[in-house]
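Visitor: I would like to learn how to read the features of a structure such as this one. Could we go through them one at a time, with the general idea before each case?

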Amino acid sequence: MRVGVTGTPGTGKTTATELLESRLADEEPAPNAAANGESLPDLEVIHLNRVLEAEGLYTEVDADRESKIADLEALAEWLAGRDDVVVESHLAHHFDADRVVVLRCHPETLEERLLERGETAEKAEENAESEALDVILSEAVEEHGLESVYEIDTTDRDPEAVAADLEAVAAGEREPSAGEVDFVGYLT
């Protein structure tokens, strides 16, 4: 089982997957998982951006955006053979996965979160527009198909609830959903 957790920067991926990681370490598998015929495998959470940094798996640094350009081929090789994992990154949808969760957040809230964590106004605005245009969701659906994509709106949700939703996706307790969140009104 491989679950990708992706989304625009600032949607809550790292926070939710760190909580999921704690839940998986502290608890038995989800009780409903056995009832519907599936069991939650012992999943390892991989924070792919940390791997990119630690292993130097990028091709260059974009000085204008103050970000590293990921070497997707090298990251795919690094991930090869790793099963029973949750892969967290805004890039996670670019890799093989059985299920892909796209975390979403209202663009205004997203922009505020990014500014609070020290991103430039330009970068925060660019990411908010990307979120309004469903860029990552569209890429995930194109890569994995509607039947494998799960959309979760994190805008007004407690991170614990988001982590519980991630656990439900991994356990097969939640139906795929894509295209249910609509932020296009932000652009008008």
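Guide: Let us begin with exposure: a residue is called buried under 20% relative accessible area, exposed over 50%, and partly exposed in between, using a 1.4 Å probe and protein chains only. The areas themselves come from the Shrake-Rupley method with a 1.4 Å probe, and for residues only the protein chains shown count as cover. Before the cases, please note that this is a predicted model, in which local features need pLDDT of at least 70 and side-chain atom pairs count only at pLDDT 80 or more, while totals for chains, interfaces and linings use all residues. Residues are numbered from 1 along each chain as its sequence is written, and side-chain values use heavy atoms, with hydrogens and water left out.

Visitor: Is arginine 50 buried, exposed or partly exposed, and what does its side chain meet?

Guide: Arginine 50 counts as partly exposed because its relative accessibility is 45%. A salt bridge is a side-chain nitrogen of Lys or Arg within 4 Å of a carboxyl oxygen of Asp or Glu, and arginine 50 makes one with glutamate 18, at 2.5 Å from N to O. Helices (H or I, at least four residues) and strands (E, at least two) are DSSP runs, numbered from the N terminus. Arginine 50 lies in helix H3 (residues 48–55) and glutamate 18 in helix H1 (residues 13–26), so this pair ties together parts 32 residues apart in sequence. Glutamate 18, with a relative accessible area of 34%, is partly exposed too.

Visitor: How many salt bridges does a search of the whole structure find?

Guide: The search finds 10 salt bridges. One of the pairs is glutamate 53 with lysine 68, whose side chains meet at 3.0 Å, N to O. This pair links distant parts of the chain, with glutamate 53 in helix H3 and lysine 68 in strand E4 (residues 67–70), 15 residues apart. Glutamate 53 is partly exposed at 46%, and lysine 68 is partly exposed at 32%.

Visitor: Which residue forms a salt bridge with arginine 104, and are the two buried or exposed?

Guide: The partner of arginine 104 is glutamate 151, with the closest N and O atoms 2.6 Å apart. Glutamate 151 sits in strand E7 and arginine 104 in strand E6, 47 residues apart, and both are buried. The two also belong to a network of salt bridges that links Arg104, Glu131, Asp134 and Glu151.

Visitor: How are strands E6 and E7 joined?

Guide: Two strands pair if DSSP finds at least two bridges between them; here five bridges join strand E6 (residues 99–104) to E7, and the two run parallel. Within this pairing, leucine 103 has isoleucine 152 of E7 as its bridge partner. Strand E7 (residues 149–153) is largely enclosed by the rest of the structure, because four of its five residues are buried.

Visitor: What should I look for around helix H7?

Guide: Helix H7 (residues 135–144) holds glutamate 143, which counts as partly exposed because its relative accessibility is 48%. Isoleucine 136 is also found in helix H7, but at 10% relative accessibility it counts as buried. The C-alpha atoms of isoleucine 136 and histidine 94 are separated by 9.9 Å, although the two residues are 42 apart along the chain.
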